[in-house]
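Welcome! Have a look at the picture, then read on.

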Amino acid sequence: MGNEACDLDSTVSALALAYYLAKVRLARWLGDKRWLGGCLTSCHPLPQTSPAPKAAFIPVLNIPRADFALRTETTFLLQEQGIPATSLIFRDEIDLGGLHHAGLLSLTLVDHHILPGADTALEEAVVEVLDHRPLERDRAPGCQVTAELVGSCATLVTERIAQGPPGVLDRTTAALLHGTILLDCVNLSPAAGKVTPRDVACISLLETRFPELLARNAIFEALQAAKFDVSGLTTEQMLRKDLKVLSSDELVLAVSAIYVDLETFLCRPDFLQDLDAFCQARGYTGLVAMTISFNERNEPSRQLAVYSRCETLRSMVCRALEEATTPSLHLQPLPSPWSCVGAYAQGNTLASRKKVLPILRAALGGPGAAGGPEEEVVLPPTPMNSLVEECPLAQAVPPLCPQDVLERVSRIAAGQPPSSPK
């Protein structure tokens, strides 16, 4: 099971590791060495994640199924590899607590090593950890821990699979791992500060074993484009995709990062009704939408919308943003279709949400106050979300949709001229 963000790394790490363990266990249980080309030997021991000969290895995606559509790069890569969403198991579809209570659960954590408070009861079921972050706490002596500072947890999974029987690694698994490492490591760019020699070695290993894998630039650009592809999302899903919440004693303010231009966002069908319903259902007094989009030269443009049915709150938030000096946002008012929504062009494109949040906290808390607590609702920073936090990717996001990227690569590989951009 991956972490609660359930990004591409968590998803693929869980899928690939469970698939690997299941294939090796099945082959050994049946004693069919020919199935893996006679490669099963005692030099490939199974980890402690396999407590019984007939154990089922189940990759669990640590979100409700209803939230899966928000992980657009994950849905894209799985679709490209022919893995239907109906074959996946989500957190709301398996009773881990009941399995543990019955003594039937052994839990492996990938891409994290600390369970949230709600899952404290599952701690004693954890038998293995694979994570690429520094350990914040020790595990029980019987827990097998692999914690290495590499760019992607998928790198650690690839290394694990590479140490096993060669026949276990198939093209689909290789393609999933390959794309995930490239996305996490920003296409192996040293300037992004994420890639390590071990990530590079795993990419080389996968490409050596499967030369037919897509070129690095093609798959990275397709996945990065998929992160920004919100065309299939509802307004409610767009608001939830990258959401933070600020609160004071009496007010709750949502702050959503939106990956289309403001005019397109405000002109969505039934927009105001959807916005009202979104805030009312969650008890939000107001909402700030921070949009970011790119022109044909990949130059970023930022805009802001401030919504609240409470005129006092809306005016207070607008005034705080207009008068901010640390940093100054250089706001210019834009026409708004509704009186309850204030709209602005943001001249300071370097002022990310990370820099705007303190302004909003102070506005909620009053003069000189720090404001209420901030709740991280959906995703931690990833290449997509880090765009809001000044990731190097902010300067070069491809304007193509992922299908366009792959279509062009396929045409080039077939010796055909690339089609014109749409």
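Let us begin with a word that returns throughout: a residue is called buried when its relative accessible area is under 20%, exposed when that area is over 50%, and partly exposed in between, using a 1.4 Å probe and protein chains only. Cys340 is buried, because its relative accessible area is 5%.

Please keep in mind that this is a predicted model, in which local features need pLDDT of at least 70 and side-chain atom pairs count only at pLDDT 80 or more, while totals for chains, interfaces and linings use all residues. Residues are numbered from 1 along each chain as its sequence is written, and side-chain values use heavy atoms, leaving out hydrogens and water.

## The chain as a whole

The chain has 422 residues, and 51% of them count as buried. It holds 13 helices and 12 strands; these are DSSP runs numbered from the N terminus, with helices being H or I of at least four residues and strands being E of at least two. A contact here means heavy atoms within 4.5 Å. Among the contacts with a separation of 6 or more, 66% are between residues 24 or more positions apart.

## Two cores

A nonpolar core is a set of buried Ala, Val, Leu, Ile, Met, Phe, Trp, Tyr and Cys residues joined through side-chain atoms within 4.5 Å. The largest such core has 52 residues, and Leu88 and Leu177 touch the most other members. Helices that each supply at least two residues to this core include α1 (8-30), α5 (171-184) and α7 (216-227). The top contributor is α1, with 10 residues. Setting aside residues up to four places away in sequence, Leu88 touches Leu15, Leu61, Arg65, Phe68, Leu78, Ile83 and Glu93.

## A covered helix

How many of the 10 residues of α4 are buried? The count is nine, so to speak a mostly covered helix. Among the buried residues of α4 are Cys153, Leu156, Glu159 and Arg160. At the N-terminal end, Ser152 caps α4, with a side-chain oxygen 3.1 Å from the backbone nitrogen of Ala154.

## Rings and a polar partner

A pair of aromatic rings is described by the distance of the centres and the angle of the planes. Rings of Phe, Tyr and Trp (its six-membered ring) pair if their centres lie within 6.5 Å; planes under 30 degrees apart count as stacked, over 60 as edge-to-face and the rest as tilted. The whole structure has five aromatic pairs. In one of them, the ring centres of Phe228 and Tyr259 are 5.2 Å apart and the planes stand at 90°, so this pair is edge-to-face. Phe228 is in the loop between α7 and α8, while Tyr259, 31 residues apart from it, is in the loop between β7 (252-258) and α9 (262-266). Elsewhere, ring pairs link Phe265, Phe271 and Trp338 into a cluster.

Tyr259 also has a polar contact (N or O atoms within 3.5 Å; within protein, one must be able to donate a hydrogen and the other to accept it, and residues adjacent in sequence count only if both atoms are side-chain atoms). Its side chain is joined to that of Asp242 at 2.7 Å. Asp242 lies in the loop between α8 (235-241) and β6 (243-247).

| Residue | Relative accessibility | Class |
|---|---|---|
| Asp242 | 0% | buried |
| Tyr259 | 7% | buried |
| Phe228 | 13% | buried |
| Cys310 | 33% | partly exposed |
| Cys267 | 56% | exposed |

## Cysteines and a hairpin

With a disulfide taken as a pair of cysteine sulfur atoms within 2.5 Å, the count is zero. For Cys340, the nearest cysteine sulfur belongs to Cys279 and is 9.8 Å away. Cys267 sits in the loop between α9 and α10 (271-282). Its C-alpha is 10.0 Å from that of Ser336, although the two residues are 69 apart in sequence.

Finally, two strands pair if DSSP finds at least two bridges between them. Strands β10 (residues 331-334) and β11 (residues 341-346) pair in the antiparallel sense over four bridges. They form a hairpin with six residues between them, and Leu334 stands opposite Ala343 in β11.
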